[in-house]
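Biologist: I have the coordinates open and would like to go through the fold with you. Could we start with one of the sheets?

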Amino acid sequence: MMRPKFLLLFLITLLGLCACQVSSGDITLAPTETASLSSLSVPDIATPTSAHLNASPPHTRPALKQASALQATLVPTEADPLRFVFPTQVPQAASAWRPPLYPTPWVPTPYDHFFFARPIAADEINWPLANYRYGGVFWANVVHTGIDIPVKTGTPVNAAAGGRVNWAGYGLLRGIDDPDDPYGLAVVIRHDFGYQGQTLYTVYGHLSRIDVSEGQHVESGDILGLSGATGHVTGPHLHFEVRIGKNNFSKSRNPELWLSPPQGWGVLAGRLLDFTGRFLPSKSVLILSSDSGRKWTVKSYGKGSVNSDDYYRENLVIGDLPAGNYSIWIPRETSKHLDIQILPGRVSYFTYRQGLGFNVELPPTPYVGFMPPSLLEITPSP
Ligand SMILES: [Zn+2]
């Protein structure tokens, strides 16, 4: 039982959980500005974590200022093998092209579990917004328990895998009908398969329309509704969560370890620790591609309601990295760096510990009784 005082604190913390501070500038553009929209999707490819995005507080940056800053990053540079170049102006869908995903479930090692397809189709923006990853901190103390996919209102939202609709409507946070719920109009699917003997749920928040009803069975790719900006948001996007064991935000895991990567691309997971072996929270890490020179910035999880993977026990994940050679730097922490390879369709892993430096050894089996999932295990529903 939770004491009333704790419960109150809990609920206050929750208010922003799903606030998903996507700047409205990312998507809400007046019709005359729609040309910028296709540009906006490109920098994520050209400069995936653009310094421009980090330059100003994310909640306040003005839309047009951001758009023009991003457009500035589009000035072509020297031949870059990873920059997608098209002969003529193309609509957003084509400019945002990424390789197709690995077929789900994608289980490259016994410890991986890319069980889910992306909830947004490949011809739309279907990757997480760099500054609103899992474990990111909003305001002072609100930690993000999902990822935000910056799609415009009205984009079809697809079931990430088969299952039964467990929730459809307003009020997900407290489980009661509540038009002020931070998740807005939301759908939850209880999947037909589990993990480590536990039920798996996926959450789709801030929808503008719901096309399914509770109890309905859906298959992977079925349309659940349309994306929108309901709930606590500053702009339209899809908030997506993966929950294990219980349909509660406190049971969330990093969706970037569950969503199938684009073919030929990989995922980096890391564990940043202090001298005593405790997590270093909200630490900025720079990831530099030795092949293309492109760089990404990603932060370790903030303190709060986020959980690490049973096996990786990570506090940092960045997906959608083209396979190749990279170096990892932790500015203002160490002058040393780690050279690491991102392998296609795989999770690359590192640990940094104060006093001990970098290490690329894989984690040990997490606990007695941990059973690596097999494809067979993916079928039954717990
Ligand atoms: Zn969110």
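Biologist: Which residue stands opposite Y326 in β16?
Modeller: In this predicted model, S289 stands opposite Y326. The two strands concerned are β13 (residues 284-289) and β16 (residues 324-329), which run antiparallel and are joined by four bridges.

Biologist: What is the strand order of the open sheet with β13 and β16 in it?
Modeller: The order is β14-β13-β16-β17, four strands with antiparallel pairing. β14 (295-299) and β17 (337-342) each have a single partner strand and stand at the edges, so one side of each has no neighbour in the sheet. On average, neighbouring strands here are turned by 25° against each other, with direction ignored.

Biologist: What about the other open sheet, the one with β15 and β19: which strands lie between them?
Modeller: The order there is β15-β12-β18-β19, and the pairing is mixed. The edges are β15 (316-322) and β19 (357-359); each has a single partner strand, so one side of each is left without a neighbour in the sheet.

Biologist: How many bridges pair β12 with β15?
Modeller: Five bridges, in the antiparallel sense, with β12 covering residues 265-273.

Biologist: Changing topic: how many residues does the largest nonpolar core have?
Modeller: That core has 75 residues. Those with the most contacts inside it are I149, A186, V187, V188, Y204 and A269. Domain 1 (25-263) and domain 2 (265-359) both contribute residues, so the core lies between them.

Biologist: Take A186 from that list. What is A186 in contact with, leaving aside neighbours within four places in sequence?
Modeller: With that exclusion, the contacts of A186 are W167, L172, V203, Y204, G205 and L207.

Biologist: Why is strand β6 described as largely enclosed?
Modeller: Strand β6 (residues 185-195) has 11 residues, and eight of them are buried, so the rest of the structure largely encloses the strand.

Biologist: Which strands does β6 pair with?
Modeller: Strand β5 (residues 163-169) pairs with β6 in the antiparallel sense over six bridges, and A168 has V187 of β6 as its bridge partner. Strand β7 (residues 198-210) also pairs with β6 in the antiparallel sense, over seven bridges. There, V188 stands opposite V203 in β7.

Biologist: And in the hairpin of β6 and β7, which residue takes a positive phi?
Modeller: That is Q196, with phi near 55°. The hairpin has two residues between the strands.

Biologist: I also marked L129. Where is L129 found, and is it buried or exposed?
Modeller: L129 is in the loop between α6 (92-95) and β1 (137-138). The residue counts as buried because 21 other C-beta atoms lie within 10 Å, and the threshold for that class is 20 or more.

Biologist: How far apart in space are L129 and I149?
Modeller: Their C-alpha atoms are 5.7 Å apart, with 20 residues of separation in sequence. I149 is also among the residues with the most contacts inside the largest nonpolar core.

Biologist: Finally, the whole chain: how many helices and strands, and what share of residues is buried?
Modeller: The chain has six helices and 19 strands. Of its 382 residues, 43% are buried. Among contacts with a separation of 6 or more, 68% are between residues 24 or more positions apart.

Conventions. Residues are numbered from 1 along each chain as its sequence is written. This is a predicted model: local features need pLDDT of at least 70, side-chain atom pairs count only at pLDDT 80 or more; totals for chains, interfaces and linings use all residues. Two strands pair if DSSP finds at least two bridges between them. A nonpolar core is a set of buried Ala, Val, Leu, Ile, Met, Phe, Trp, Tyr and Cys residues joined through C-beta atoms within 7 Å. A residue is buried if 20 or more other C-beta atoms lie within 10 Å of its own, exposed if 12 or fewer, and partly exposed in between; C-beta atoms are placed from the backbone. Domain bounds come from an automatic or database domain assignment. Two residues are in contact if their C-beta atoms, placed from the backbone, lie within 7 Å. Axes are lines fitted to C-alpha atoms, for helices over the stretch in contact, and angles run from 0 to 180 degrees between N-to-C directions.
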